[in-house]
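Open the model in your viewer and keep the selection tool ready. Each stop below says what to pick and what is there.

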Amino acid sequence: QVQLVESGGGLVQAGGSLRLSCAASGRTNCRGVMGWFRQAPGKGREFVAAINWSISRTAYADSVKGRFTVSRDNAANTVYLQMNSLKPEDTAVYYCAVRNWGVDTVVVVTAPNEYDYWGQGTQVTVAS
């Protein structure tokens, strides 16, 4: 069983920064892809960023490129999302997810339905 726990959300002014964390646990170490998604009220879940565990290959949504950075700490089994220059339109519940937990996976995919396990989400609110 894989468990993902997000933390680090909160209220921030436009232009500010937040760092989200996703602590992952399972019977084995992660070898797949960890992704970040978000869902704003009344909207579908959208891809934000992802990182492949073995070689740190990354992918970003166009809307966050240059502002957000995804990284991982193998020893801590934790993935981070550093969010800078936040905008009101970044307001959403942010979720982390994992694809192919126990399988070496190089390809980073962006579709939510390709991910197997999800965290409970953390709220990010950016005030204008």
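A polar contact here is a pair of N or O atoms within 3.5 Å; within protein, one must be able to donate a hydrogen and the other to accept it, and residues adjacent in sequence count only if both atoms are side-chain atoms. This is a predicted model, in which local features need pLDDT of at least 70, side-chain atom pairs count only at pLDDT 80 or more, and totals for chains, interfaces and linings use all residues. Residues are numbered from 1 along each chain as its sequence is written, and side-chain values use heavy atoms, with hydrogens and water left out.

**Stop 1: Thr122**

Select Thr122. The side chain of Thr122 reaches the backbone nitrogen of Gly9 at 3.2 Å. Thr122 lies in strand E11, residues 122-127. Strands (E, at least two residues) are DSSP runs, numbered from the N terminus. Is Thr122 buried or exposed? Thr122 counts as buried, because its relative accessibility is 11%. Buried means under 20% relative accessible area, exposed over 50%, and partly exposed in between (1.4 Å probe, protein chains only).

Now show the neighbours of Thr122. Leaving out residues up to four places away in sequence, Thr122 touches Glu6, Ser7, Gly8, Gly9, Leu20, Ala92, Val93 and Tyr94. Contact means heavy atoms within 4.5 Å.

**Stop 2: the sheet**

Next, select strands E1, E3, E8 and E7. They form an open sheet in that order, with antiparallel pairing. E1 (3-7) and E7 (68-73) are the edge strands, each pairing on one side only. On average, neighbouring strands of this sheet are turned by 15° against each other, direction ignored. Axes are lines fitted to C-alpha atoms, and angles run from 0 to 180 degrees between N-to-C directions.

Zoom in on E3 (residues 18-25) and E8 (residues 78-83). These two pair in the antiparallel sense over six bridges. Two strands pair if DSSP finds at least two bridges between them. Pick Ala23 and look across: Thr78 in E8 stands opposite.

**Stop 3: the cysteines**

Which residue does Cys22 join through a disulfide? The partner is Cys96, S to S 2.0 Å. A disulfide is a pair of cysteine sulfur atoms within 2.5 Å. The structure holds one. Cys22 sits in strand E3 and Cys96 in strand E9 (residues 92-99), 74 residues apart. Both cysteines, Cys22 and Cys96, are buried. The S-S torsion is about 55°, so this disulfide is right-handed.

Last, select Cys30. Its sulfur is 9.3 Å from the closest cysteine sulfur, in Cys22, so it is too far for a bond. Cys30 is buried, with a relative accessible area of 3%.

Definitions and conventions
Helices (H or I, at least four residues) and strands (E, at least two) are DSSP runs, numbered from the N terminus.
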